[in-house]
Every structure is written in C-alpha cells, then in structure tokens.
Amino acid sequence: YFTVGFALFFSWCYGGATLFSKNREDTFQRLNHYFFRGFFFFLKGLTPGIKWHIPHNIKEIQSSLVMSNHLSYLDPLLMIMLFPRHKTIVKSTFFNVPLFGWLMKQSGFIPAADKGRLLALMIERIEALDDFLATGGNLFIFPEGTRSRDGTLGCFNKGAFKIAGKCQAPIEVLKVSGTGNLFTPGRFLFNASISTTIAVEKVGSFAADGGKRRASISESMAEVRSFLTRYKQAVGIFRDVFYFLHLSIKSAKSKQRP
C-alpha cells in the first residue's frame, strides 16, 4: 500500500497539489488523511480478528492540542486518519529521508530540532500555530516522546507542554489501546492473527489557562497524566466488577441445576 498504492493512486494528487493548490499545506494534510483512511480500510479487512472502537465524537475535535499515550508506530497514522487537518512534532532525522521528508515539510509538520536549518523551520511553524489552531486544525502530540514497550505510561517531555502553554488552545487527552498488540515495537511484521480491540477514547480535556490563569508546565503535565492513569484504573475496576458478576451468575446457574 505504501509503495504501489501511493505510486498509482496518490502520487499524481500530491503532484497536482504541489503545482496548483493555493494552500499547499492544507491540501497535503487532507491528502494524508485520505491516504491513511485507505490504509486502515485495508488493515481492517486483513485483520478480521481485531475489533475497532473509535467513538464519533473524537473525529469532531477541532482547534485543539491532542495529547495521547504512545504504543506503536500505528498511533500517529491513526491520528492523521482521524483529523483531516493535522500537524505534529517529528524527529528531525525523518526530515532528511528522501520523499518522506519532503512530504512532511509540505504538510507543515514541525521538526524537533535544536540547531541548523531545521531549527529555523521549527520556530517559524511554532509561531504560526495560533492561526492554524484558530482555523480548525489540530496539533497532536505524544508527550512521552517515544513508544511504550510494556504499555506503562513513561516520563513526559516538557517541550510538548511548552508549546501547549504558548498556544493556549484547549487540550484534549486521548487514550489509545491495542495498537501495540497489532504492530508491536521491535517487530517488523504485523500480528494479524491475534484477537484484540484497538480503541481510542477521550479521557479528559482542559483549558491551557485553567479558565482563569496560565497553567504552569508542571500543572499541565500532572493534569494529562492524571487523566490517562485515572482511565486505566477505571478500566481495571470495571473489568474486576464484570468478572465478579460473571462468576456470580455462573455460580447461581450451577446451583439451579438438578
């Protein structure tokens, strides 16, 4: 899909956008969105044992900083599939990859750079984020900065929250689950034969200014971590209650048998 599919069905679209689009960045983002919608369409068809749970209200998020846990390389692709207008922060090394780096630059992605020509590009795009968010775009960020190998929530990178503090946009917190089971870090192949559920849940939201004042970086970090960990605890409690009810019903049925 990423080679033949791109060459046959999307390369001419990106080429046309490069030559004729009046807003190249916006057009590239929407093409990315449709490209990955196609990818997940095929992925769902090829993994019948995997269930998908993505509530419609998540797709309605606009003009926000979207923060999520990070389990797999599928996570950023999933965010692009969910949001037609999107930006994210990418390791600067990826901008040096032929074609891939060019596509990210044209899409308005932000390099995580500390020197050189990409530093100037990073500053320029961070300064333009207010206008992008005000017109309905979303900036999605994985504050851990890397994928979790065991599903536990890692340390947060302060850089993501510095950007959040500058933009003063609403922060929407999403919990992704199941992607690490399908495409596990460290593996080249998909675990296409497993049975699991890939879900994206909205677990919280808050204003970067707390409604009254500018929230500090540490306060914002604590708020996001609280939403993600509370959700995990709630799921665990629900699972325990469900298991207890299951055992109780099973026991009651066995007592009724002659």
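This is a predicted model: local features need pLDDT of at least 70, side-chain atom pairs count only at pLDDT 80 or more; totals for chains, interfaces and linings use all residues.

Now step back into H8 itself, residues 158–167. Colour Ala-160, Phe-161, Ile-163, Ala-164, Gly-165 and Cys-167, which are buried. At the start of the helix, show the side chain of Asn-157: one of its oxygens reaches to within 2.8 Å of the backbone nitrogen of Gly-159.

Next, switch to cartoon view for the sheet. What is the order of its seven strands? Follow S1-S7-S6-S2-S5-S3-S4 across an open sheet with mixed pairing. The edges are S1 (50–53) and S4 (110–112), each of which pairs on one side only. From one strand to the next, the twist averages 25°.

Zoom in on S3 (residues 86–91) beside S4: the two run parallel, paired over three bridges. Pick Val-90 and you'll find Pro-111 of S4 standing opposite. Then bring up H4, which packs on the sheet and touches S1, S2, S3, S5, S6 and S7. The direction of H4 makes about 125° with that of S6.

Last stop: Asn-69, in the loop between S2 (65–68) and H4 (74–82). Is Asn-69 buried or exposed? Its relative accessible area is 4%, so Asn-69 counts as buried. Its side chain makes a polar contact with the side chain of Ser-68 at 3.3 Å, and also reaches the backbone nitrogen of Val-176 at 2.7 Å. Beyond its sequence neighbours within four places, Asn-69 has contacts including Asp-75, Phe-142, Glu-144 and Leu-228.

Definitions and conventions:
Residues are numbered from 1 along each chain as its sequence is written. Side-chain values use heavy atoms; hydrogens and water are left out. Helices (H or I, at least four residues) and strands (E, at least two) are DSSP runs, numbered from the N terminus. Buried means under 20% relative accessible area, exposed over 50%, partly exposed in between (1.4 Å probe, protein chains only). A polar contact is a pair of N or O atoms within 3.5 Å; within protein, one must be able to donate a hydrogen and the other to accept it, and residues adjacent in sequence count only if both atoms are side-chain atoms. Contact means heavy atoms within 4.5 Å. Two strands pair if DSSP finds at least two bridges between them. Axes are lines fitted to C-alpha atoms, for helices over the stretch in contact, and angles run from 0 to 180 degrees between N-to-C directions.
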